[in-house]
Each structure stands twice: as structure tokens, then as C-alpha cells.
Amino acid sequence: MTITFVGHGYVGLVTACVFADFGNDVWVIGHTDEKLKRLKSGDPIIYEPGLKELLEKNLRAKRLHFTKNYGDAIPDSEIVFIAVGTPPKENGEADLSAVLAVAKEIGENLKNHFTVVSCKSTVPVGTNLKIEKIINGCKTPAAKVAVASCPEFLREGTAIHDTVNADRVVIGSDSAEAIKLLLKTHEPINGQRVITNLASAELIKYTSNAMLATKISFANLISFYCERTGADVESVLNAVGLDKRIGRIFMDPGVGYGGSCFPKDVNALLNTGKSLGIDTAFLEAVENVNAQSRHNFVDKISAHIPEKNIAVWGLSFKPNTDDIRFAPSIYVINNLLKKNFRIAVYDPVAMDNIRKIFGEKICYCNNPYEALTGVAGLAVLTEWNEFKEPDFAKMKKLMKNHYIFDGRNIYFNNIKDNNNFAYFPIGKKPII
Ligand code: UDX
């Protein structure tokens, strides 16, 4: 099958590579010459485990092509996936300008056979109808088209695995022919099939992300109670999670959720709710608790550290990615800088991205230990594996004072047996 992806971000590029690997002839449309050149040479631009190898393999097999011209790809494609960004506007609403501009380009390039245009970008309810209207307004009469919503649920850091081993494949469309073709394309992908209408498919994606964000905020809220009462957040959540109706997964408290999806999608759902006259206090509370968890972390550091001199380990919004969009690190570093802290940072892959934000305001180190030299404390913001079993004796020697603020609760068991540090976890009694 010939398939086109418009957009080469986490969703577009990963899914394109996976579909090419299944044996399809896959086109990817971008709009920046420099990025397309890098992609054609086998550089995936983003850091995602396994992606470079998959990209190189399918380029070599000539199943993957990159272009700027819609005319190269659209006329021969049976399915066109829209996978461009829907970043948040200032007011939190999803910015659909890229999606709608792409719809016009697709419509203008459709040829005389049947094509399915399927949106993988996360878009508010009703957007696919707008896409359909734009395409029908500019295609030639002979071109037959059906629109479908096919949301993607991959996580950064495990994107290839998640795409191939999906929990579910959701296809929303009013066209039986489109559903049949999409089912065929997704055949090699594991997971239950959910066939529904356009609006439901659009809402499924937002509901999933808002539900996951809610679980995290709920865990963070309970950690606030634990810190004020002497309760232990892990004991509480482990016991609560044993109830199969609740489950323990996705309830790890910390410095809050970040990334390109949860903050954006909770806000977009909130905005859609407002425009529909729905009371959105619940979603506002999810966002507020998330903000509060970062705020509390900075307050905790300020209240206890003896000198304004700290190392930060972990800058990406989660491990195994260089993505820093809405990362807790940005908030924490900004607020420590406002309080006149000197900050030395280390992250295995996100240093270049964080440098673009903070420039010379902070110090960038080549390894985690270099960041510790002479500091009063360490703040851990991302649970990269390489931070989990550090050399505590070496840390002790390098640091001037020995304060650890653990934003992901990765050291609790280690520190318990090791009296050398003043240790401040999340939702647990500090060890001082
Ligand atoms: C998320 C969804 O999981 C995925 O299905 C969707 O397609 C895109 O959005 P992603 O943003 O890549 O994926 O990462 P995820 O693993 O969900 O983590 C998001 C944020 O939540 C991270 O900042 C992470 O640190 C935080 N998190 C996650 C917690 O704070 N606690 C948890 O228990 C789980």
C-alpha cells in the first residue's frame, strides 16, 4: 500500500517508519529543507530509542521517502495521515492552523481514485468535519475521499514499541470503505479494534490523556497530605492501587507531568468544555495540582538548603527523550534563578535543548558528578536509569553540603541505609 504522512514529529516519523517496516511504500511530507535533508540521510532529528535504526533500515530498503512537495506523494497514496502539531495557543486552545493548512494542500493534490484522509494529530471534537469540508472545497470532482480519525497513543521514549503493541486501534469514520482500508493497514499492529464515529474517536484521545493526567495529579495531591501528616505516599498508594478498580499504574507522585501532550491536551479539553458551556472546574483542578507540585518542590528546596547553590540532574520531561516541552525542569530552574540560586545541570540527552532556553544563566556539565562539585544540594527531576544507582561516597566528597531533593522518589531505599545525606523525597518523611 502507498501511504503518506504529513508531519515528521514523534507521531508522524515513528508511525511512518513502523508502517514502512511492515512493507508499505511510505512518503513523509515536511516543510523545512534542512530537516528533510537530515531525515533523508538517516538522522531522525529527535531522540527516540531505536528510531535511527528503523529509519536507516527503511531508507536503505527504499520504502521510505521524504519530500516537501505534496504532488510527489498524495496522488498515488491510498491513505494520507495528518500528523502535524497542534500546539497550545496563549489561551490554552489547540492551534489548528497547521492541520487545516495541510488539509487544503492534500485536497488540492488528490487524484481520481479513492483516498482516505486520516487524522493522527490530537484535535478537538469537530475538527475532522472541518478537514472534510476544506478537502471537499478544493479537490477535483473526480477525486473520491473519506475522512477518518485514527488517534495515536504512543509515549515518547517507548514510541516504537507502543505503536506496534498498541492497547487499542481506534478508527472513527462514517465511511465503511475507509474503515475497511484502515483496518487492513493496521493489521500487523496488536491491540483491540475500536470502530466508532468521528467525534467519539476525537474525544477518546483527549479522555485518555486527561484521565492519565488526573491519576498523576491525584497522586500528587495525596502526597501533599502525606507531607503534612507523616503518612507515607507509597504505602498509601500501593494499598489503594491494590483495589483492581483503581490500579497502581500512573500514580507516581513527583514534580508533576510535562511533555507535549498532557499539559496541552488537558488545556484543550478544558477550552472545548468552556465553549460547550460545561463546568470545567475538575480539569482546572488537575492543572492546578500539577502546578502546585512544582511550586512545592521549589519551596522545599528554598526552605532547607543552607546555600543557594544547587545541581539539577534530569532536564527532559521524562527519561529516554530529549524533549523538554513543559518539562518540570524549566519551571524549577526559572524559579530557583528568580531566588538567585547558582545552578549546575546535567542530562544525558536534553542539554542542547535546555541551553536554548537558559543560555549562560546556568552551568552545563559533562557528567552528573561534575555538576555536584562544591554545591549545597542536588535536585533530581527526571528518573533516568543512570541516576538510580549513583556512587554516594563520591557524591559526598564532591558536594559542599549534602542535601538531596528527590523529585521522583528514586533514592528512598538507598538513602535509608546511608546516614550521610539530608534527604527530601515526595510525600514521605524527610531523612535529616
Ligand atoms: C502521553 C501518553 O502516555 C500517551 O499515551 C500519549 O499518546 C501521549 O502522551 P508521553 O507524554 O510521551 O505520553 O509520556 P508519559 O509516559 O505519559 O508521561 C507524561 C508525564 O507524566 C511525564 O512528565 C511523566 O514524568 C509524568 N508521570 C507519568 C508522572 O509524573 N507520574 C506517573 O505516574 C506517570
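Visitor: Which residues of helix H6 meet helix H5?
Guide: This is a predicted model, in which local features need pLDDT of at least 70 and side-chain atom pairs count only at pLDDT 80 or more, while totals for chains, interfaces and linings use all residues. Residues are numbered from 1 along each chain as its sequence is written, and side-chain values use heavy atoms, with hydrogens and water left out. Helices are DSSP runs of H or I of at least four residues and strands runs of E of at least two, numbered from the N terminus. Val99, Leu100, Ala103, Lys104, Gly107 and Glu108 of H5 meet, with heavy atoms within 4.5 Å, these residues of H6: Thr127, Lys130, Ile131, Ile134, Ile135 and Cys138.

Visitor: How many charged residues (Asp, Glu, Lys or Arg) does the contact of H5 with H6 have?
Guide: The two helices, H5 at residues 97-109 and H6 at residues 127-138, have axes that come within 8 Å. Divided by class, their contact has seven nonpolar residues, two polar ones and, as charged residues, three.

Visitor: Which backbone oxygen does the side chain of His186 reach?
Guide: His186 is found in the loop between helix H8 (176-185) and strand S8 (190-196), and this histidine is buried, with a relative accessible area of 3%. Leaving aside neighbours within four places in sequence, His186 is in contact with Phe19, Phe81, Lys120, Cys150, Val169 and Arg193. At 2.8 Å, the side chain of His186 reaches the backbone oxygen of Leu182.

Visitor: How far from a polar atom of the side chain of Thr67 does the backbone nitrogen of Asn69 lie?
Guide: Thr67 has its place in strand S3 and is buried, with a relative accessible area of 6%. Beyond neighbours within four places in sequence, the contacts of Thr67 are with Trp27, Val28, Ile29, Gly30, Leu36, Asp72 and Ala73. From the side-chain polar atom of Thr67, the backbone nitrogen of Asn69 lies at 3.0 Å.

Technical notes. Axes are lines fitted to C-alpha atoms, for helices over the stretch in contact, and angles run from 0 to 180 degrees between N-to-C directions. Ala, Val, Leu, Ile, Met, Phe, Trp, Tyr, Cys and Pro count as nonpolar, Asp, Glu, Lys and Arg as charged, and the others, Gly among them, as polar. Buried means under 20% relative accessible area, exposed over 50%, partly exposed in between (1.4 Å probe, protein chains only). A polar contact is a pair of N or O atoms within 3.5 Å; within protein, one must be able to donate a hydrogen and the other to accept it, and residues adjacent in sequence count only if both atoms are side-chain atoms.
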